[in-house]
Amino acid sequence: MAATDLVGDEKHVRDPKSERRTQVQMIDISRAYFNAKIDASKGATFVELPDEDPDKARGMCGGLLVHLYGTRPAAEGWHNEYATTLLDAGFSVGAASACVFRHREKRIVTTVHGDDFTSAGPKDSLDWLRDTLKAKYELTEQARPGPGAGDDREARVLNRIIRWSAEGLEYEGDLRQGEKVVLDLTLEGSKSVATPGIKITNEVVAKDVPLPEKKHTAFRAVAARANYFAAGRPDMQFSCKQICRWMASPTEQGVVALKRVGRFLEGHRLVVFKHPFPEAEKIDTHSDTDWAGCVRTRKSTSGGLLMLGRHLIKSWSSTQGPISLSSGEAEFYGVVKAAGVPLGYQALLEDLGVKLPVRLWTDSAATMGICGRQGLGKLRHVDTRSLWIQQRVRDGSVELRKVRGEVNPADLFTKHLQSADRVADLLDLMGCQYAGGRADGAPQLR
């Protein structure tokens, strides 16, 4: 939101000397839950008194006046507390997400994660927001990245790095998670590989053997960490998704695949998301599918990404539920999923005052034919619950467009690519690139 100029909306001020220049603000509320008072009409919370309190010997306990960390109603109580404060200050709360707020007059958009407030808007408006919250809560303004000479150049949100430059904003994931994967696999200093995975053959599957039960917990722990880290690594999402399919019944081949991810990370520690300062007029979503790519189950994989202008907002790689009997059917299910994601984000953006149409790209001519007709036609094996997309295409809610397969960035999320150059080219289409080093504000691995 801070990097994008939206068509039809007031443009951001990039002048480093202006008091109206756009900034990104990070505020942390200290002891947040203790600010939320308990509503006795909804039930009370009691705690055991400490031994030194003489009332404990009399069989008494303590009734809390404010919420305590670890209790069930604490999060809801804190949400009600800060939401009331923001609403009283003139904010409106989102309909799609109750953790998103917007102040129309001040041009501030805010998201709240626990006790962390992340906001974007003009400098003078963010000053007002800080003072408004400070009047009621004890807080720390962690950083304020922006274009001004005195503005911060780097900030950390939930251990992710946000960096402001003359060309735009940059975003990095939590580098420690990848380092921990390499450390847990004892692959420090190992020879790196060009890609995070390779496709296994029928022969390899036939020779695969179960992993000893005593190693299951260790495998699942590292696989889960790699999958968590892959949320910010588009180049690893398909490989980590495939590894997690061994979670229920780990095998030796699953360990081999996990170690390849570790060797890949040893040479590709960091991917930086580039967010330049362009205009955005539509929500673009790319979809691709690998038909019957799993040699064990013959299930297909759907992959896609959502971009706002030139900014990568979300990407996914998921195994389809039904077994498709044709590539057209598999591609159709992939497009259905890819249509649902931007419609959800469209609602979320409306909470932030942004109204943009959805444009969906696919490289499948068969899918465009299915979506463009009404009903099943001659098809007999398509899940009818997926036909809602036909109505969306007809009424213009989703604009379906054709893209050539070789320039479809969603190809990265459906299969193992054998060329490192191909991976890098697809990352570039998403505005991502590999980088070395470590940001000054990045947390260190203990």
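**Close-ups of a predicted model**

View 1. Six strands make up an open sheet, lined up as β5-β6-β7-β8-β2-β9, with antiparallel pairing. At the edges sit β5 (92-93) and β9 (139-143); each has a single partner strand, so one side of each is left without a neighbour in the sheet. Keep in mind that this is a predicted model. As a reminder, strands of a sheet pair through backbone hydrogen bonds, either parallel or antiparallel.

**View 2. Zooming in on β2 and β8.** Here we're looking at strand β2 (residues 22-29) and strand β8 (residues 116-122), which run antiparallel and are joined by seven bridges. To get your bearings, find Thr22: Pro122 in β8 is the residue it stands opposite.

**View 3. A helix laid over the sheet.** Which strands does helix α3 lie across? Helix α3 (residues 123-134) lies across β2, β6 (100-103), β7 (108-113), β8 and β9. Relative to β8, α3 runs at about 145 degrees.

**View 4. Helix α4 and what covers it.** Helix α4 spans residues 175-184, and its buried residues are Leu175, Gln177, Gly178, Glu179, Val181 and Val182. Among the elements covering those buried residues of α4 are α6, α8 (252-267) and β13 (270-276). After α4 comes Thr186, with a positive phi near 50 degrees. A handy rule when reading any helix: an α-helix has 3.6 residues a turn, so residues three or four places apart point the same way.

**View 5. The α6 and α7 pair.** Helix α6 (residues 216-229) packs with helix α7 (residues 237-244) at an angle of about 155 degrees, and their axes are 9 Å apart. Angles over 145 degrees count as roughly antiparallel, and α6 and α7 are therefore roughly antiparallel to each other. The crossing of α6 past α7 is left-handed. On the α6 side, the contact is made by Phe219, Ala223, Ala226 and Asn227; α7 brings in Cys240, Lys241, Ile243 and Cys244. How do these contact residues divide into nonpolar, polar and charged? Six are nonpolar, one is polar and one is charged.

**View 6. The β16-β17 hairpin.** Strand β16 (residues 301-308) and strand β17 (residues 311-319) run antiparallel, joined by eight bridges. Together β16 and β17 form a hairpin with two residues between them. Take a look at Gly309 in the turn, which has a positive phi of about 65 degrees.

Definitions and conventions
Residues are numbered from 1 along each chain as its sequence is written. This is a predicted model: local features need pLDDT of at least 70, side-chain atom pairs count only at pLDDT 80 or more; totals for chains, interfaces and linings use all residues. Side-chain values use heavy atoms; hydrogens and water are left out. Axes are lines fitted to C-alpha atoms, for helices over the stretch in contact, and angles run from 0 to 180 degrees between N-to-C directions. Helices (H or I, at least four residues) and strands (E, at least two) are DSSP runs, numbered from the N terminus. Angles under 35 degrees count as roughly parallel, over 145 as roughly antiparallel, 65 to 115 as roughly perpendicular and the rest as oblique. A crossing is left-handed if the near helix is turned anticlockwise from the far one by less than a right angle, and right-handed if clockwise. Contact means heavy atoms within 4.5 Å. Ala, Val, Leu, Ile, Met, Phe, Trp, Tyr, Cys and Pro count as nonpolar, Asp, Glu, Lys and Arg as charged, and the others, Gly among them, as polar. Two strands pair if DSSP finds at least two bridges between them. Buried means under 20% relative accessible area, exposed over 50%, partly exposed in between (1.4 Å probe, protein chains only).
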